[in-house]
Amino acid sequence: MVDLSVTLPGMPLDNPVIPASGTFGYGREFASYYDINILGSFSIKGTTLHPRFGNETPRIAETPSGMLNAVGLQNPGIDHVLACELPELKAFFHKKVIANIGGFSVGEYVECARRAAKADNVGMIELNISCPNVHGGGMGFGTTAESAYEVTRAVRAAVDKPLFVKLTPNVTDIASIAKAVEQAGADGVSLINTLLGMRIDLRTKKPLLQNTTGGLSGPAVFPIALRMVYQVYEAVSIPIIGMGGVSSAEDVLEMMLAGASAVQVGAANLVRPTACRDIIRALPEAAARYGITSLRSIIGAAHR
């Protein structure tokens, strides 16, 4: 019998599989396919202080072994999420969720995270620091150690619940960013967010996406994500949630061997709505095949 249980700060999980923010909404649509209580948890749609329409269309494009998205953080805003989405979610999901928070200034991050942390079915705040810093020239908060530290420290002072920081891979040294948010008080890090990419329409000879560029996700990014999880594990002592192209039970095992304590599944949910359920069902057999009796025992084992 394989023990699938893992523990994140303040959140014991039945298994390490967590649908990633932006690919699972608030769980309602997926609950019509299977009982989503099988999940370890899930990260709700990225939420900002104010409602956002997002970018103009087209904002999705297919690529070989993946997809590009430039949705632009479309969401109804934190007040609507607190008043409607989170209370309604309780009817079909009986565990705590992860609130993914975005912002365009330190103040926005702090206030949005503070409000989200008040919800009783939010077990963790996941700070998405890939958003453009409007007070810092438009560069993402997560592209320098200094700005990552600043926003993490400010949010840490405002919320008592566990705080994970979601890191962008579009940097030279992701380990240095991870160390900065650890020093600022983060309880853990989530990585990786999407990689910047683009496609061009040969008929119009213009970029396929209205935004020109978008975030690349899917199986194509898995080796890069795995490498970054491995590097960050050696740089910090806080837990890691690994993600990026995960689509099978074997991918979950690789992520955990590299250093992840839990694993998020993103684009696979959009291709196959039952992806997370299928991965959880396949995990015991996959683990047993490689002589693994407890998933906790393999976290970071590739480093030993």
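Phenylalanine 30 has its place in helix H1, in what is a predicted model. Phenylalanine 30 is buried, with a relative accessible area of 11%, and its C-alpha atom is separated by 7.8 Å from that of threonine 274, a residue 244 places away along the chain.

**Around helix H1**

- Leaving out residues up to four places away in sequence, phenylalanine 30 touches Thr23, Phe24, Ile36, Asn269 and Pro273.
- Helix H1 covers residues 28-31, and the loop between H1 and E4 holds threonine 47.
- Is threonine 47 buried or exposed? With a relative accessible area of 0%, threonine 47 is buried, since the cut-off for that class is under 20%.
- Setting aside neighbours within four places in sequence, threonine 47 is in contact with Asn75, Gly77, Ile78, Val81, Asn100, Ile101, Gly102 and Cys112.

**The open, antiparallel sheet**

- Four strands make up an open sheet, and their order is E4-E5-E13-E10, with antiparallel pairing.
- Strand E4 (60-63) and strand E10 (195-197) stand at the edges, and each has a single partner strand, so one side of each is left without a neighbour in the sheet.
- On average, neighbouring strands of this sheet are turned by 35 degrees against each other, direction ignored.
- Four bridges pair E4 with strand E5 (residues 66-69) in the antiparallel sense.
- Within E5, asparagine 69 is the residue that stands opposite isoleucine 60.

- Which way do the side chains of strand E8 (residues 163-166) point? Leu163 and Val165 point one way, Phe164 and Lys166 point the other way, and all are buried.
- In general, side chains in a regular strand alternate between the two faces of the sheet.
- Strand E7 (residues 122-128) runs parallel to E8 and is joined to E8 by four bridges.
- Isoleucine 125 has leucine 163 in E8 as its bridge partner.
- Strand E9 (residues 188-191) also pairs with E8: three bridges join the two, which run parallel.

**Strand E15 and its parallel partners**

- Strand E15 (residues 262-265) is covered on both faces, with Ala262 and Gln264 on one side, Val263 and Val265 on the other, and all of them buried.
- Strand E3 (residues 17-19) and E15 run parallel and are joined by three bridges.
- The bridge partner of valine 17 in E15 is valine 263.
- Strand E14 (residues 240-242) runs parallel to E15 as well, with two bridges between them.
- Glycine 242 stands opposite valine 263 in E15, and valine 263 is also the bridge partner of valine 17.

**Helix H5 against helix H4**

- Helix H4 (residues 145-158) packs with H5 at an angle of about 30 degrees, and their axes are 8 Å apart.
- Why do H4 and H5 count as roughly parallel? Angles under 35 degrees fall in that class, and theirs is about 30 degrees, so H4 and H5 are roughly parallel to each other.
- The crossing of H4 and H5 is right-handed.
- On the H4 side, the contact is made by Ala145, Ala148, Tyr149 and Thr152, and on the H5 side by Ser176, Ile177, Ala180, Val181 and Gln183.
- By class, this contact of H4 with H5 divides into six nonpolar, three polar and no charged residues.

**Helix H5 against helix H6**

- The axes of helix H5 (residues 174-183) and helix H6 (residues 222-235) come within 9 Å and cross at roughly 45 degrees.
- H5 and H6 are therefore oblique to each other, and their crossing is right-handed.
- Ile174, Ala175, Ala178, Lys179 and Glu182 in H5 meet Met228, Gln231, Val232 and Ala235 in H6.
- The contact of H5 with H6 has six nonpolar, one polar and two charged residues.
- Alanine 235 sits in helix H6 and counts as partly exposed at 24% relative accessibility.
- Apart from residues up to four places away in sequence, alanine 235 touches Ala175, Lys179 and Glu182.

Conventions: Residues are numbered from 1 along each chain as its sequence is written. This is a predicted model: local features need pLDDT of at least 70, side-chain atom pairs count only at pLDDT 80 or more; totals for chains, interfaces and linings use all residues. Side-chain values use heavy atoms; hydrogens and water are left out. Axes are lines fitted to C-alpha atoms, for helices over the stretch in contact, and angles run from 0 to 180 degrees between N-to-C directions. Angles under 35 degrees count as roughly parallel, over 145 as roughly antiparallel, 65 to 115 as roughly perpendicular and the rest as oblique. A crossing is left-handed if the near helix is turned anticlockwise from the far one by less than a right angle, and right-handed if clockwise. Contact means heavy atoms within 4.5 Å. Ala, Val, Leu, Ile, Met, Phe, Trp, Tyr, Cys and Pro count as nonpolar, Asp, Glu, Lys and Arg as charged, and the others, Gly among them, as polar. Buried means under 20% relative accessible area, exposed over 50%, partly exposed in between (1.4 Å probe, protein chains only). Two strands pair if DSSP finds at least two bridges between them.
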